[in-house]
Amino acid sequence: MAVGLTAVALAAAGCTSTPEPEAPKNDGSFIISWSEPQNPLVPAGTSETQGGVVIDALFTGLTNYAAADAKTEMANAESITSADGGTTWTVKLKSGWKWHDGTPVTAKNYVDAWNYAAYSPNGLINGTFFGDIKGYSDVVSEDPDGPDKPQVAPKPAKDKLDGLKFIDDTTFEVTLSGPSNLWPIKVGYSAFMPLPEAFFKDPAAFGQKPIGNGPFKLESWSKNVELKVTRNDDYLGADKPKVKDVVFRVYTDDAAAYEDVKNGTIDFQQQVPSAKLVGDLYKTDFGADRSSNKPVSSSAFIAMPTWLPGYNDPKVRQALSMAIDRKLIVEKIFNNTRIPMNGWVNPNMAGYKDGSCGEFCTFDAAKAKALYDSATTKPKEISIAYNGDASHKPWVDAVCNSIATALQVTCTGKPFPTFGEFRTLVTTQKMTGMSRAGWQADYPHIENWLNPLLKTGASSNDGKFSDAAFDAKLKEADGTADLAAAEKLYQDAEAMLPALMPTIPLWHSSQQTVWSAKLATVTINTFGELDLATVTVK
């Protein structure tokens, strides 16, 4: 009996402003506050939000997540079905779709893109998302690099996944290493988007001027200034844009961006500065018709360099977590617009379980100090690195003050000028202390908060955490076809984390967004992003 696509729905609904009485124009343009992305604009090579929002505008994959509730919807795929209980999946594409250069979108574009991304020598950060496809272990090799001694990794046994099979121009087959009905939900994430033939001729050049198949085309990109996309009028997807142009303008100071939205120089800021949360100042400045306050599928963590002495001891990591007064910081810095975390998974996810962190996410200065003092080796430096182009300084200083007071140590905040510079230092293991980390869901499931963040060698495992037993439990969950049974196994894996304390959970986000009077329709999706397809301007 064929197994069809099963979608997981989120409870959070979209937030839409009330349109003006006059009919909005089906054209026009608007400007978004933005930060320069860390990496070139290649879907499987982008794991951070600044690049991701542009990737989502330029490319469309097999499925989309509905703006209102994140339900999985068919996009470039006509169907995704399995006849063997979730191990082998047949993907049928809609015909007639074209790349921005006019060439057809085919099944080969998906097979080639996924093989390229999974092959570890190509160095795409999201390659690990293909880990559940048969033959993945043959296309990757262990990276022997240490923090001080880069080395050349051995060549993998193969350069293509055994589990990918091209059938015809609109059909390909995917065989997983084990049954999974979660897989069709995952493929809406940008890592699974296709690539045109042009990419393989010159990947480096493509990343600077990508050719997509999505609702917008790249018009221009002036580094560290702005990026402009324009509507793709030949786009066949249901999410056709209403506006013609969108400009992503770089800001290195979110307070300046806020003021520019306020005075109409630009039109949208996804998260207002923390200073504007005090006394709900943003509501006073923008009113209910040009602002929103919405719980989103995003959470904040502290990543720890587990390769460094002191930070490699779970006792130290547990003590640091217990030394943070989350409730007080959320109240004083964020005006209670955040929710203190007590686990590693966002509440909007299927499989979320309350209270999984237990005592180690509960502030207790005395227990924290006793635990810290009992550790054999202490960190050489207790610091929290962050990007200075967003308003992280107030909360970082507050967290450091809480740690310093509780543990009677010195803790300092270390700002880096831009998001891109900061992320590069994190991913190249150049941090000498802790660093801020945030996670916005790629798809609405507990698995997305464990595998990509904490599995050995995972794409967003900033602290290089590794635990064999934890990996084994994730693998067991990954290979379980029944969604409910798989969720229980992922919960069992999360239950292992308090003893390991790989990261420090901080708070879940409620996003405060503002926009200019120029925008007539504004929809914030479940992931906290502006739904570009539904924006209209006056």
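Numbering the bonded cysteines of the protein in sequence order, what is the pairing? The pairing is 1-2, 3-4, and a search of the whole structure finds two disulfides (a disulfide being a pair of cysteine sulfur atoms within 2.5 Å). The model is predicted, so local features need pLDDT of at least 70 and side-chain atom pairs count only at pLDDT 80 or more, while totals for chains, interfaces and linings use all residues. Residues are numbered from 1 along each chain as its sequence is written, and side-chain values use heavy atoms, with hydrogens and water left out.

Cys357 counts as buried because its relative accessibility is 2%, where buried means under 20% relative accessible area, exposed over 50% and partly exposed in between (1.4 Å probe, protein chains only). Cys361, at 9%, is buried as well.

The sulfur atoms of Cys400 and Cys411 also lie 2.1 Å apart in a disulfide, and this link is left-handed, with -60 degrees about the S-S bond. The pair links distant parts of the chain, eleven residues apart: Cys400 lies in helix α11 and Cys411 in the loop between α11 and β16 (412-416). Helices (H or I, at least four residues) and strands (E, at least two) are DSSP runs, numbered from the N terminus. Both Cys400 and Cys411 are buried.

Helix α11 (393-407) is also among the elements that cover the buried residues of helix α8, as are α9 (326-332) and β18 (503-515). Seven of the nine residues of α8 (residues 314-322) are buried, so this helix is largely enclosed by the rest of the structure. Among the buried residues are Val316, Arg317 and Leu320. At the start of α8, a side-chain oxygen of Asp313 reaches to within 2.9 Å of the backbone nitrogen of Lys315.

Terms used:
Contact means heavy atoms within 4.5 Å. A polar contact is a pair of N or O atoms within 3.5 Å; within protein, one must be able to donate a hydrogen and the other to accept it, and residues adjacent in sequence count only if both atoms are side-chain atoms.
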